Amino acid sequence: MWSDLADVGRAPAGGYRRFVWSDADLTLRNWFVQQANDRGLGVREDRAGNLWAWWGDPTAGDAVVTGSHLDSVPSGGAFDGPLGVVSGFLAVDRLLEAGTMPDRPIAVVAFSDEEGGRYGIACGGSRLLTGALAPDRALALRDDDGLTQAEALRAAGRDLASFGADPEALGAIGTFVELHVEQGRGLVDLDAPVGVASAIRGHGRWRFDLLGRPDHAGTTRLEDRDDPMLTQARLVLAAREAAQRHGAVATVGRVRVEPNAVNAIPSRVQAWVDARADDDATVRAVIADIANAVGVGADEESWTARVDFEPVLRDRLVTTLDGVPVLPTGAGHDAGILASVGIPAAMLFVRNPTGVSHAPDEFAEAADCLAGVDALTTVLRDLAWV
Ligand code: HGY
Ligand code: MN
Ligand code: MN
């Protein structure tokens with residue numbers, strides 16, 4: 001299965017660029033459908049663009065659902081997302097081999113647009129599904145080429161009129177378990193191949209629009225300039241200092257400069273800040289401090305409040321897996337979006353020897369990936385056979 005995926009959406013700068021509704025994404029969606037067909041699972045795409053492979057009746061309700069996402073950040077790693085989908089199918093293989101029907105239906109899901117790499121909103125597919133993201137807003141979002149999501153959906157042959165929340169698909173989920181490569185070194189330090197998630201830290205994305213006066217880089221005296229790039233420099237340092245002060249993290253990973261000419265003072269710089277902390281108020285305080293330091297308000301593009309995974313389900317996983325460690329994460333996940341609307345959700349993490357993620361060097365050893373499949377199989381068996 002990994003070799004099927006290895007060449008899809010390779011990025012020129014290394015790693016993968018698998019943006020929603022791109023050719024790479026459509027290839028991955030076809031691969032998902034093929035995997036489902038090979039196993040005799042019924043395929044559905046919900047109104048939010050998420051793909052489901054069903055073992056059992058999708059309308060029965062109280063299903064045990066596993067899966068993750070197939071899209072990536074720009075120059076992302078191979079594991080963030082696909083490991084959860086591949087492991088879901090492999091766990092289903094093992095359960096199918098056992099030869100008995102589960103008491104609860106089982107599904108593997110590939111959530112659409114988890115990274116928000118193209119349109120800027122993380123967990124787009126699960127937010128649309130739950131109604132947390134309005135379809136009108138989602139359809140109007142533009143990518144870097146100026147194409148709206150509506151145009152991309154039309155090109156991909158999707159129905160714009162039905163795009164949005166899908167209470168029926170959402171209502172089918174009884175329990176959701178997402179397996180994911182760990183995006184830190186927690187399991188390395190704990191010397192364990194697999195762990196269970198306790199919480200997702202509060203996090204969000206903010207855009208600062210810094211305006212100046214465009215002019216000639218050679219003829220404009222320094223004292224006559226209104227250069228937004230100076231504000232941008234202050235913003236980057238303010239973000240770092242605010243994060244340090246509050247015990248949070250903050251990152252300026254994306255900027256857009258207009259007109260982006262070497263010999264012109266910019267008219268506008270847009271800077272995106274990603275900020276995260278253990279509690280939501282701290283994240284808000286970091287953003288307020290940055291806004292204060294530069295004298296410009298922030299536009300919130302997405303926000304995910306801290307999620308503490310349901311403790312009874314979490315403990316059930318830990319017990320079923322003979323006491324694997326429990327650890328929090330600073331990364332966002334569709335499991336968090338589902339948890340935030342009251343769906344019992346849990347996560348399994350697979351050890352990442354370097355801790356690197358959202359970068360080409362992201363890695364997991366094959367033996368640890370197989371330990372993840374074992375763990376997921378055990379969990380699905382425990383949940384779906386009563
Ligand atoms: O954590 C993130 O940035 C994304 O939701 N994976
Ligand atoms: Mn990610
Ligand atoms: Mn992910």
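Colleague: Are D80 and E115 buried or exposed?

Modeller: Both D80 and E115 are buried, where buried means under 20% relative accessible area, exposed over 50% and partly exposed in between, using a 1.4 Å probe and protein chains only. This is a predicted model, so local features need pLDDT of at least 70 and side-chain atom pairs count only at pLDDT 80 or more, while totals for chains, interfaces and linings use all residues. Residues are numbered from 1 along each chain as its sequence is written, chains are lettered from A and ligands numbered from 1 in the order written, and side-chain values use heavy atoms, without hydrogens and water.

Colleague: Thanks! Why does D80 count as buried?

Modeller: D80 counts as buried because its relative accessible area is 5%.

Colleague: What coordinates the manganese ion that is ligand 2?

Modeller: The donors are D80 (OD), E115 (OE), E115 (OE) and H358 (NE2), at 2.0 to 2.7 Å. Donors here are N, O and S atoms within 2.8 Å of the metal (3.2 Å for Na, K and Ca), and water is not among the atoms, so sites may look incomplete. Along the chain, the donors of this manganese ion (ligand 2) follow the spacing D-x34-E-x242-H.

Colleague: And where do D80 and E115 sit in the chain?

Modeller: D80 is in the loop between β3 (63–69) and α3 (82–98), and E115 is in the loop between β4 (106–111) and α4 (124–130). The two are 35 residues apart, so the pair links distant parts of the chain. Helices (H or I, at least four residues) and strands (E, at least two) are DSSP runs, numbered from the N terminus.

Colleague: What about the manganese ion that is ligand 3, which residues hold that one?

Modeller: The manganese ion (ligand 3) is coordinated by H69 (NE2), D80 (OD) and H180 (NE2), at 2.0 to 2.2 Å. In sequence, its donor residues are spaced H-x10-D-x99-H. H69 is in strand β3, eleven residues from D80, and H69 counts as buried because its relative accessibility is 1%.

Colleague: Which residue bridges ligand 3 and ligand 2?

Modeller: D80 does, and the two manganese ions lie 3.6 Å apart.

Colleague: Let's move to ligand 1. What surrounds it?

Modeller: E114, E115, R276, A331, G332 and H358 surround ligand 1, each with a heavy atom within 4 Å of the molecule.

Colleague: Which polar side-chain atom lies 2.7 Å from an oxygen atom of ligand 1?

Modeller: That atom belongs to R276. A backbone N or O atom of G332 also lies 2.7 Å from an oxygen atom of ligand 1, and a side-chain N or O atom of E115 is 2.9 Å from a nitrogen atom of the ligand. The protein covers 96% of the 210 Å² of accessible area that ligand 1 has on its own, with areas from the Shrake-Rupley method and a 1.4 Å probe.

Colleague: Great. Now the rings: how many aromatic pairs are there?

Modeller: There are nine, and rings of Phe, Tyr and Trp (its six-membered ring) pair if their centres lie within 6.5 Å, with planes under 30 degrees apart counted as stacked, over 60 as edge-to-face and the rest as tilted. One of them, W52 with W54, is stacked at 5.9 Å centre to centre and 10° between the planes.

Colleague: How is W52 arranged with F111?

Modeller: W52 and F111 are edge-to-face, 6.5 Å centre to centre with 70° between the planes. W52 is in strand β2 (residues 51–55) and F111 in strand β4, 59 residues apart. Ring pairs link W52, W54, F111 and F176 into a cluster.

Conventions. A polar contact is a pair of N or O atoms within 3.5 Å; within protein, one must be able to donate a hydrogen and the other to accept it, and residues adjacent in sequence count only if both atoms are side-chain atoms.
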